Amino acid sequence: MREIRYYEALIEAMAEEMRRDEDVFLMGEDIGLFGGTFRATEGLMAEFGSRRVRDTPIAEAGIIGLALGAAFAGLRPVPELMTINFAIVAMDQIINHVAKMGYMFGGQVKLPLTIRTASGGGTQKAAQHSHSIESWFVNAPGIRVVIPSTPYDAKGLLKTSIRSDDPVLFIEHEMLYSVKGPVPEEEYLIPLGQAEVKRAGSDVTIVCWSKMVIEALAAAEQLGREGIGAEVLDLRTLDPLDWEAVYDSVARTRRCVVAEEGWRTVGVGAEIAARIQEHLFHELEAPVQRVAAADVPLPYAKNLEQAALPHADDIFRAALKITT
Amino acid sequence: MLTDTAKNRLYWQMLLIRRIEERVAEMYGEQQIGGFTHLYIGQEAVAVGAISALNHDDYVISTYRDHGHFLARGGDPNRFMAELFGRDTGICRGKGGSMHLADVDRYFYGGTGIVGGSMPIAVGLALACSYREDDRLALCFFGDGATNQGVWHEALNFAKLWNLPVIFVCENNFYGIGTDVRFSSALSEVYKKASGYGMPGYRINGMDVLEVRQLCDEVVKHVRAGNGPALIEARCYRYQGHSMTDPGRYRARAEEDLWRKRDPIPRLAKLLIDERIATEERLAEIDAEIEEICETAAEFAASSPEPPASALYDYVFAERYPSDPHA
């Protein structure tokens with residue numbers, strides 16, 4: 001199978017959906033002429049023109065509010081927020097409006113918009129450009145949260161998100177854009193709410209998503225050398241979250257590490273650990289371990305940034321602690 | 001020129017809003033209605049004048065003071081009252097309440113409780129009109145308080161930048177809750193803010209429904225012709241407090257009395273009589289008709305069932321997944 005990069009998979013997904021449905025359009029800062037800060041919309045303005053690939057002012061709340069209004073009218077907007085930290089500027093629109101209006105209007109409206117954004121640290125962009133705050137959005141009902149780790153998943157899940165009648169926050173990762181992976185030429189979709197076992201194992205389950213899947217796979221290699229079989233479960237979507245897959249895997253391995261790039265305190269991992277103990281308390285051989293970012297604003301200095309972010313080695317040690 | 005029928009209709013709609021709102025106040029006092037309830041009494045001419053200038057499929061966006069807009073758009077008084085009562089037959093199935101009325105069949109995309117929050121949404125609806133070249137437009141109501149919010153300015157910028165068919169209608173009632181607009185806005189003459197975005201701005205007497213209607217007819221024509229957005233400042237007054245729980249201590253009695261003398265409803269009634277468009281008897285009949293509608297709405301609401309417990313998770317999403325929480 002051919003291999004393409006994560007950002008190229010995203011471009012393909014958007015291009016295919018735009019060819020398929022005239023109602024799909026893109027809007028965001030520097031997505032058109034510039035081609036997107038992370039190249040994820042490169043070439044789309046050339047194919048679809050400035051009506052469907054719209055460069056916007058730097059006005060994040062406005063971008064999301066406009067996309068919401070357009071979605072009310074039946075269009076399928078795909079607004080881009082350059083990084084998820086800028087989503088905080090648009091938080092009122094995303095949470096108070098996008099996530100709630102379907103409910104508070106008693107189901108009279110559909111909200112088919114997909115907000116694309118980039119998260120993640122590791123490139124020294126410091127405290128306001130590189131956080132992973134997916135937990136904030138998972139906390140709020142009314143918006144789906146999709147967070148793929150591979151080019152294959154990115155393409156299939158973005159296509160499904162765009163076709164969904166619900167709002168989706170589609171979180172990409174800055175360190176993954178250039179990662180290559182197999183993506184078939186022919187069309188495919190990946191349903192939301194289906195985790196995938198990226199590596200099978202029977203001794204410990206590593207629940208993870210986004211770039212932490214890469215770290216978890218590296219940790220699993222390392223664990224394998226110690227004779228420990230680690231199962232790497234990529235959630236792929238955090239809302240809906242494939243709880244059955246989590247419980248199935250942990251019921252088999254009886255041990256679990258949750259690895260996330262977001263802050264530890266009240267992170268997604270806290271929720272996963274809580275639910276595992278609610279459902280599988282008597283199956284567990286050890287307390288669920290959490291690997292997460294340090295609870296600090298991400299520092300600039302390379303060594304401190306690396307110290308704040310979770311790595312394969314942290315996952316390895318957490319797994320080792322409960323398997324030996 | 002408006003026909004006699006159209007003028008009668010404006011009167012009928014203003015009076016309907018006035019009487020229903022009085023009934024809402026009564027029901028709130030009886031604790032049939034909860035939460036925050038913001039009455040529209042005093043401002044009827046703005047909603048009725050502006051909305052009557054629209055086509056049936058133009059989009060209308062409102063604020064948390066949305067009762068008048070909902071009713072002027074032709075929303076069902078029964079389902080309106082049932083929503084305020086928190087009943088299953090409410091227009092939003094009891095999920096929204098007073099501040100979040102919507103009626104999508106009438107292209108009314110509702111109230112929002114966040115001041116200024118609906119501004120970019122209105123522009124997004126206008127973007128859809130432009131995208132589809134479908135000859136429709138969006139009309140967005142907001143208060144003087146919204147004009148100080150950041151997103152208000154983003155919305156105006158987008159609207160002009162992309163030449164979108166949207167009419168911004170500011171209902172300047174001079175108070176953001178209890179704060180005088182002069183203490184909250186560097187430029188308290190809201191219509192002048194339009195010039196900052198290169199769009200026409202108009203100021204009108206929002207207590208005169210015919211003046212509102214006349215200007216809106218012109219602006220609608222201008223905007224529908226593809227000339228981009230416009231801003232209207234309609235100066236008006238809410239007779240009641242900001243919400244039902246506001247005793248209104250921040251306003252002088254003399255000021256309130258002055259504005260009550262400008263009441264849009266007796267003003268139009270006088271014109272209808274003077275111009276022999278309606279008789280005293282006919283106006284009395286209208287009063288009785290509306291009384292009946294209010295009575296029916298209150299009865300409908302009171303006799304409607306509450307939403308079933310099983311409805312708790314309905315409409316969080318359009319598409320459900322097995323892992324979603326459910327009742």
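What follows is a set of questions and answers on helix packing and cavities.

Reply: This is a predicted model, in which local features need pLDDT of at least 70 and side-chain atom pairs count only at pLDDT 80 or more, while totals for chains, interfaces and linings use all residues. Residues are numbered from 1 along each chain as its sequence is written, chains are lettered from A and ligands numbered from 1 in the order in which they are written, and side-chain values use heavy atoms, with hydrogens and water left out.

Me: At what angle do the axes of helix 1 and helix 2 of chain A cross?

Reply: Helices here are DSSP runs of H or I with at least four residues, and strands are runs of E with at least two, numbered from the N terminus. Axes are lines fitted to C-alpha atoms, for helices over the stretch in contact, and angles run from 0 to 180 degrees between N-to-C directions. For helix 1 (residues 6-20) and helix 2 (residues 44-52) of chain A, the axes come within 11 Å, and the crossing angle is roughly 55°.

Me: How are helix 1 and helix 2 of chain A oriented to each other?

Reply: Angles under 35 degrees count as roughly parallel, over 145 as roughly antiparallel, 65 to 115 as roughly perpendicular and the rest as oblique. Helix 1 and helix 2 of chain A cross at roughly 55°, and the two helices are therefore oblique to each other.

Me: Which residues of helix 2 of chain B meet helix 1 of chain B?

Reply: Helix 1 (residues 4-29) and helix 2 (residues 44-51) of chain B pack at an angle of about 140°, with axes 9 Å apart. Contact means heavy atoms within 4.5 Å. From helix 1 of chain B, the residues B:Leu10, B:Gln13, B:Met14, B:Ile17 and B:Arg18 meet, in helix 2 of chain B, B:Glu44, B:Ala45 and B:Val48.

Me: What is the volume of the largest cavity?

Reply: On a 1 Å grid over the protein atoms alone, a cavity is a set of points where a 1.4 Å probe fits but cannot get out, and a volume is the space filled by probe spheres set on the points. A search of the whole structure finds 3 cavities of 30 Å³ or more. The largest cavity has a volume of about 50 Å³.

Me: Which element gives the largest share of the lining of the largest cavity?

Reply: Lining residues have an atom within 4 Å of a point, and those of the largest cavity include A:Phe38, A:Arg116 and A:Tyr177. Strand 4 (76-81) and strand 5 (114-119) of chain A are the elements that give two or more residues to this lining. The largest share, 3 residues, comes from strand 5 of chain A.

Note on methods
On a 1 Å grid over the protein atoms alone, a cavity is a set of points where a 1.4 Å probe fits but cannot get out, and a pocket is an open set with protein on both sides within 12 Å along at least five of seven lines; lining residues have an atom within 4 Å of a point.
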